[in-house]
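Student: I would like to go through this structure with you. Could we begin with the contacts made by aromatic rings?

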Amino acid sequence: MPEREPAVRLTRWTVVTGAPCSGKTAVIDELARRGYRVVPEAARAYIEAELEKGRRLDEIKSDPRRFEGHIFRAKRRLEARLPAGERLFLDRALPDSIAYYVLEGLDPAEPRRQSLRVRYQRIFLFERLDFAPDPVRSENALAAGRIERLIDAAYRDLDYVVTRVPVLPIPERAEFVLKRL
């Protein structure tokens with residue numbers, strides 16, 4: 001008997017995504033401050049934890065296959081535990097891994113396959129701010145532009161309507177998102 005594909009998990013989740021240095025996390029923090037349930041970015045949480053252990057960013061990201069695979073599996077585990085019917089905001093989601101796999105020259109087949117098993121309610125892609133390095137970012141402004149294009153393509157290839165969020169002050173960006181739900 002052929003193996004049956006699992007049903008698509010329909011969610012009420014809103015994805016906040018974009019290139020590094022696009023203000024996603026600042027808006028996620030603003031939404032949390034306003035009482036909305038938010039889910040932090042898996043990659044940032046992992047990198048920060050590893051930096052606290054004394055590892056350097058170049059060590060953490062030295063093996064792209066291992067690093068991207070770890071982040072992808074962490075996102076899968078996290079999303080599997082979230083209630084599909086609850087309205088919440090994700091700082092990145094599974095399809096972002098498609099973009100990062102492509103960026104690193106890895107085969108994105110598994111992230112794409114897993115991304116097809118879940119449907120998010122809304123996708124907001126934040127336009128980039130002036131690039132500013134921080135301890136968990138290894139990208140530069142040029143790479144950030146490429147990542148933004150790859151993320152946009154990943155969601156559109158999965159048949160999502162991607163709403164671009166213009167550069168605005170943090171409270172206004174949060175309002176922009178909330179008014180479009």
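Tutor: A charge sits over a ring if NZ of Lys or CZ of Arg is within 6 Å of the ring centre and within 35 degrees of the ring normal. The charged end of Arg119 is placed in this way over the ring of Tyr160, 3.7 Å from its centre. Arg180 lies over the face of Phe176, at 3.6 Å from the ring centre.

Student: What kind of model is this?

Tutor: This is a predicted model, in which local features need pLDDT of at least 70 and side-chain atom pairs count only at pLDDT 80 or more, while totals for chains, interfaces and linings use all residues. Residues are numbered from 1 along each chain as its sequence is written, and side-chain values use heavy atoms, with hydrogens and water left out.

Student: How many aromatic pairs are there?

Tutor: There are six aromatic pairs, where rings of Phe, Tyr and Trp (its six-membered ring) pair if their centres lie within 6.5 Å; planes under 30 degrees apart count as stacked, over 60 as edge-to-face and the rest as tilted. Trp13 and Tyr120 form a tilted pair, 6.2 Å centre to centre with 40° between the planes.

Student: How many residues apart are Trp13 and Tyr120?

Tutor: They are 107 residues apart, and the pair links distant parts of the chain.

Student: Are Trp13 and Tyr120 buried or exposed?

Tutor: Both Trp13 and Tyr120 are buried, that is, under 20% relative accessible area, with exposed over 50% and partly exposed in between (1.4 Å probe, protein chains only).

Student: Which residues do ring pairs link into a cluster?

Tutor: The cluster joins Trp13, Tyr120, Tyr155 and Tyr160.

Technical notes
Helix = DSSP H or I, 4+ residues; strand = E, 2+ residues; numbered from the N terminus.
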